[in-house]
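Subject: Structure handover

Hello,

Here is the structure you will be working with. Please open it first, then read the notes below it.

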Amino acid sequence: PSVPRHTNRLIKEKSPYLLQHAHNPVDWYPWGQEAFDKAKTENKLIFLSVGYSTCHWCHVMEEESFKSKEIGEIMNEHFVCIKVDREERPDVDKVYMTFVQATSGGGGWPMSVWLTPDLKPFAGGTYFPPEDGVHRVGFRTVLLRIAEQWKENKDALLESSQRILVALQHTSEIHVQGQESPPQAKEVMDTCFQQLSRSYDEDYGGFSKSPKFPTPVNLNFLFTYWALHQTTPEGARALQMALHTLKMMAHGGIHDHIGQGFHRYSTDQYWHVPHFEKMLYDQGQLAAVYSRAFQISGDEFFADVVRDILLYVSRDLSDQAGGFYSAEDADSYPTTTSGEKREGAFCVWAAEELRALLPDPVEGAKEGTTLGDVFMHHYGVEEAGNVDPMKDPHQELKGKNVLIARCSLELTAARFGLEPGRLSALLQECRQRLSSARAQRPRPHLDTKMLAAWNGLMISGFAQAGAALAEQGYVSRAAEAAAFLRTHLFDPDSGRLLRSCYRGKDNSVEQSAVPIQGFLEDYVFVIQALFDLYEASLEQGWLEWALHLQHMQDKLFWDPKGFAYFSTEAGDPSLLLRLKDDQDGAEPTPNSVTVTNLLRAACYSGHMDWVEKAGKILAAFSERLQKIPITLPEMARATAVFHHTLKQVVICGDPQGEDTKEMLHCVRSVFSPNKVLMVADGDSAGFLYRQLPFLASLERKDGKATAYICSNFTCSLPVTSVQELRGMLSP
């Protein structure tokens, strides 16, 4: 490669996104004191650009504007330019995204914001084209206009930025308003169900027309709603909505039929043409939600999807030290000689390419039928490509096909006169052949940053899958990743989590010169993961660490005045707002998940003040939960768990004994949203016995493994029959 003409300060960073911009002609600074001091000393405005390394429009804006020498000169002359990786610094991202959404009615990445030297925002947007167009002002024009305003109307700009900040502080505050009790579960659950039901797409599943996101939070809510209303028509509809959505997603182009895993979202109503990036947080949550679908339905189809996701993550997003990488990009070079990247190039197929790869005649089918004919029919391949030009504005997918299972196995088998079992084997052979061909293409960029929060979501995915599918290998992989977090993203001296670490040279694991401290989401998702891992592995060390982290989370983030947790710690002068997220999106908001975490923590420790805290969070979000719970489906779900009280399922027995294993298998195979599982193995010196003295009074009946269902530490009569236990587990 040629020697780069420009190098800026980002060359010293670890984030793959910041390193992508290290050779721009823009004099980028990372977020930090050096940039803030320069802005104040030189009395310059700050231009803040926030994105992430697998963001398609971030790449576009870099190519068009940040690589332009002329635009770079304008930026360097008039502004101190700061680049932020939103995945590394979600705190900075959220403060300024709150501003952009409030002032423009929309948001997204790349985010472009102009700040005064004291970091107050006054103008912002997302992607800007470089030059003026018919409908949009170009980036160059915006830069020059803002620089001119700062020169001519500095006082007015400063005044405006102060007014904006005060308004943001007022509108973004979430606290208990008068009433201090949590809202009623029935009202919240019914309203959320009705709102989801109204937005549900009856034909293709999902909860919008387009774009369509996987939104595991909605599906988890529906499963819990079904569990609590199993005998009603509403319960049946909730289950049908969730399972149909999961089936349509798995058949769709959002699911990578050749390379496994799920893409970010679908650009159309049919789950067909995706935005091709693959994010770790989607894989983790979808592995868990497909595991629940299997628990509830017993349908192996869902178990196969779980295995597919975990194969992808194990193969393509796993670091050899045990952690999980963040994402794979949407864009890649179509061939090794291509000069520019295209979205989806790694994943799409031309019809003639498939014919050449699959020319074999199919025995037993109609005369002249090839593997290509069968495969192309099943996956909706068309000679001229199967992508709607309206969904391909830059014509990157022209003449190409995104694979989507258009028919059931039975229909395709009938069409070609084959047995469904034989067809299944033929399609598998075709997919393997295409996988080998695809391996010759240039791979998309891999973001090898490892984040505590997202690793937590993925550990939960592996642990829950291991428990539901009775696959010990998945539990072991979850434990390996948890051990990685303990080694690389936890500071034993301070007892605190760190946000991120990075794959370094020679595949070592590296840390930044000044490590980024963990945010609320890191604690919440890691604590959830450790509880899931304990229930799957019964290793009490994970439980002990989870309770330690819960105490630390309380200390760092709890708001004693307004209740609930802040997303960030106090004491960072560069953060203008301490926010509490109020929307479950691609990931659930941390306060939603922490309600269930606190209830689980109380069950494992006997600390009832954690139950009180859970109630205070629900009280703080009460108005939103009563009016628009569809924005907080995970918290709505947690409201039901709070009011129904968690069942402590205690199994007394030797964890290695066959009778104990049978009972554990029973508990793990039943979907019950309001239970925690623990094993009382008779080791009175063990962690659980020290936390929960009542366990010492429980014993095996007739020398057999015995189950007790306890509520608030009061236990049922002993049960030794698996059938009886199964009946007692229903919510």
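Isoleucine 630 sits in the loop that runs between helix H23 (622-627) and helix H24 (633-644). Helices here are DSSP runs of H or I with at least four residues, strands are runs of E with at least two, and both are numbered from the N terminus. This is a predicted model, in which local features need pLDDT of at least 70 and side-chain atom pairs count only at pLDDT 80 or more, while totals for chains, interfaces and linings use all residues. Residues are numbered from 1 along each chain as its sequence is written, and side-chain values use heavy atoms, with hydrogens and water left out.

Isoleucine 630 has a relative accessibility of 29%, so it counts as partly exposed. Buried means under 20% relative accessible area, exposed means over 50%, and partly exposed is in between, using a 1.4 Å probe and protein chains only. Apart from neighbours within four places in sequence, isoleucine 630 is in contact with Cys192, Gln195, Leu196 and Ser199; contact means heavy atoms within 4.5 Å. Between isoleucine 630 and valine 217 there are 413 residues in sequence, yet their C-alpha atoms are 9.8 Å apart in space.

Asparagine 591, in helix H21 (residues 590-605), has 2% relative accessibility and therefore counts as buried. Its contacts, leaving aside neighbours within four places in sequence, are Leu520, Ala564, Tyr565, Lys580, Ile617, Phe621 and Met635.

**The sheet**

Strands of a sheet pair through backbone hydrogen bonds, either parallel or antiparallel. In this model, two strands pair if DSSP finds at least two bridges between them. An open sheet of 5 strands has the order E1-E3-E2-E4-E5, and its pairing is mixed. Strand E1 (29-30) and strand E5 (121-125) are at the edges with a single partner strand each, so one side of each has no neighbour in the sheet.

Is strand E4 buried or exposed? Of its 5 residues, 5 are buried, so E4 is largely enclosed by the rest of the structure. Met111, Val113 and Leu115 point one way from E4, while Ser112 and Trp114 point the other way.

E4 (residues 111-115) pairs with E5 in the antiparallel sense over 4 bridges. Leucine 115 has proline 121 of E5 as its bridge partner, and valine 113 stands opposite glycine 124 in E5. E4 also runs antiparallel to strand E2 (residues 45-51), to which 5 bridges join it; here leucine 48 has valine 113 as its bridge partner. E4 and E5 form a hairpin with 5 residues between them, and leucine 119 in the turn has a positive phi of about 75°.

**Backbone details**

Most residues other than glycine have a negative phi, and most peptide bonds are trans. The peptide bond from tryptophan 109 to proline 110 is cis, with omega near 5°; proline 110 is in the loop between helix H5 (90-104) and E4. Serine 210 and proline 211 are also joined by a cis peptide bond, with omega about -10°. Leucine 538 is not a glycine but has a positive phi of about 65°, and its place is in the loop between H19 and helix H20 (540-557).

**Cavities**

How many cavities of 30 Å³ or more does the structure hold? There are 5. A cavity is a set of points, on a 1 Å grid over the protein atoms alone, where a 1.4 Å probe fits but cannot get out; lining residues have an atom within 4 Å of a point. Grid points are joined across faces, edges and corners, and a volume is the space filled by probe spheres set on the points.

The largest cavity has a volume of about 760 Å³. It is lined by 36 residues, and the closest to its centre are Arg292, Gln464, Asp532, Arg600 and Arg637. The elements that each supply at least two lining residues include H21, H24 and helix H19 (520-537). The lining divides into 16 nonpolar, 12 polar and 8 charged residues. Ala, Val, Leu, Ile, Met, Phe, Trp, Tyr, Cys and Pro count as nonpolar, Asp, Glu, Lys and Arg as charged, and the others, Gly among them, as polar.

The second largest cavity has a volume of about 90 Å³. Among its 13 lining residues, Asp256, His257, Cys347, Val402 and Leu403 lie nearest its centre.

Regards

How values were computed. On a 1 Å grid over the protein atoms alone, a cavity is a set of points where a 1.4 Å probe fits but cannot get out, and a pocket is an open set with protein on both sides within 12 Å along at least five of seven lines; lining residues have an atom within 4 Å of a point.
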